[in-house]
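I wrote them for someone new to reading structures.

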Amino acid sequence: MDIAHLPTETVPLDALRTTETPRLSGRNDEHARVLCESPGPLPPIVVHRATMRVIDGAHRVHAARLRGEREVLARMFDGDERDAFVLAVRANITHGLPLTLADRISAAARIVGSHPHWSDRAIAAETGLSEHTVAGVRRRSTARPSQLNTPGTPDTPTDAPPADDAPQPTARLGRDGRLRPTDGARRRTLAGRLFAERPDATLREVARLAGISPATARDVRLRVNRGEDPVTPRQRSAARPTATGAGRTAPIASTAIIEQLTKDPSIRLSDTGRSLLSWLGTHLVQPADCAEVVARVPPHRSGQVARLARACAQNWHHIAHRLEECAATTE
């Protein structure tokens, strides 16, 4: 919303409320005195009509009082209080006395609670933060109390209530006004598996089964045909677990699993079992080996090896899915 398009009225100073500011430290009296001494009329403030709370311009209101004025020019906002707060944050990162980093992080936490369907990018645009910072705020705001304030994780003040039991939205609204599923990576992976299992399936069939649009299904099919991961790099980055905080996953003890398989008589005493152990040992790649493998590939062959690696990863993913289905039926 463009503030300049809001209707303008003259309102008495005594009718205004200057509480609920995005500024954690409250009003800056020195800044108000500077405004008081500036020549000419003060720019219009922005007021939430339903509550008469000042959305933008608390310092100008104080400056007007210091000047002895009784009225001030105001642009009137008719939305709800949640959107009024967003407007206050947006206005105070673009002009006047800018919000501090702590102010903006606190505001982002409150907006995550009041607008959970908004994307990280949309909230970042309103608060002047990066997407990654907003994503971290969202993770902390939806974590359980035992996961908050862990070592190395700064406190994030918020007015939103704890969201342990609150249902999380299945889609988020982007800056372009389009709703996108929050589990897009999982749906793309499912679509890739469906294309691999049903080569003759149409785009609409896969789109319906995976819960994605036909356009996304087409993109997934093209990626699969090229031997690429059906999940986009951006989605993979967003879904990657962080080193600290909520969502941390422990590394898989590959060597220990291999040892357990080797000791299992049903595997080591059969030809197919021994072939499986040999195959797993040959194809097992440890995290520490990745850099060495990359260093061995000549630059002019990097693209080909990358496509082959993605194709292998896709096949392993298909094997894992089938094995998990078998495990689920035996539980």
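**Entry 1: ground rules**

I noted that this is a predicted model, in which local features need pLDDT of at least 70 and side-chain atom pairs count only at pLDDT 80 or more, while totals for chains, interfaces and linings use all residues. Residues are numbered from 1 along each chain as its sequence is written, and side-chain values use heavy atoms, with hydrogens and water left out.

**Entry 2: the whole chain**

I looked up the secondary structure and found 15 helices and 6 strands in the protein chain; these are DSSP runs numbered from the N terminus, helices being H or I of at least four residues and strands E of at least two. Of the 331 residues, 29% count as buried, where buried means under 20% relative accessible area, exposed means over 50%, and partly exposed lies in between (1.4 Å probe, protein chains only). The accessible surface comes to about 20600 Å², with 55% of it belonging to carbon and sulfur atoms; these areas come from the Shrake-Rupley method with a 1.4 Å probe, and for residues only the protein chains shown count as cover. Among contacts with a separation of 6 or more, 65% are between residues 24 or more positions apart, a contact being heavy atoms within 4.5 Å.

**Entry 3: nonpolar cores**

Which residues touch the most other members of the largest nonpolar core? They are Ile-111, Trp-118, Ile-123 and Val-137, in a core of 17 residues. Another core, of 14 residues, lies apart from it and has Leu-16, Leu-42, Ala-64 and Met-76 among its members. A nonpolar core here is a set of buried Ala, Val, Leu, Ile, Met, Phe, Trp, Tyr and Cys residues joined through side-chain atoms within 4.5 Å.

I then followed helix 5 and found that it is largely enclosed by the rest of the structure, because 6 of its 8 residues are buried. The buried ones are Asp-120, Ala-122, Ile-123, Ala-124, Glu-126 and Thr-127. After helix 5 comes Gly-128, with a positive phi near 70°.

**Entry 4: a hairpin**

Strand 2 (residues 45-48) and strand 3 (residues 53-56) pair in the antiparallel sense over 3 bridges; strands count as paired if DSSP finds at least two bridges between them. I traced Val-46 to its bridge partner in strand 3, which is Asp-56. The two strands form a hairpin with 4 residues between them, and Met-52 in the turn has a positive phi of about 60°.

**Entry 5: salt bridges**

My search of the whole structure gave 15 salt bridges, each one a side-chain nitrogen of Lys or Arg within 4 Å of a carboxyl oxygen of Asp or Glu.

Where do the partners Arg-90 and Glu-126 lie? Their side chains meet at 2.7 Å, N to O, and since Arg-90 lies in helix 3 and Glu-126 in helix 5, the pair ties together parts that are 36 residues apart in sequence. Arg-90 is partly exposed at 23% relative accessible area, whereas Glu-126 is buried at 15%.

Asp-219 and Arg-223 form another salt bridge, with the closest N and O atoms 3.0 Å apart. Both lie in helix 9, 4 residues apart, about one turn of the helix. Salt bridges that share partners join Arg-188, Asp-219, Arg-223, Arg-226 and Glu-228 into one network.

**Entry 6: a loop residue**

I looked at Ile-212, in the loop between helix 8 (203-210) and helix 9 (214-225). Is Ile-212 buried or exposed? Ile-212 counts as buried, because its relative accessibility is 14%. Leaving out residues up to four places away in sequence, Ile-212 touches Arg-187, Ala-191, Ala-207 and Ala-217.

**Entry 7: a surface patch**

Last, I recorded a nonpolar patch on the surface, formed by Leu-276, Trp-279, Trp-316, Ile-319 and Leu-323, with about 440 Å² of accessible area together. Patches are made of residues with over 30% relative accessible area and no salt bridge, like charges being joined within 9 Å and nonpolar side chains (Val, Leu, Ile, Met, Phe, Trp, Tyr) within 5 Å. Helix 13 (271-283) and helix 15 (302-330) each supply at least two residues of the patch, and helix 15 gives the largest share, 3 residues.
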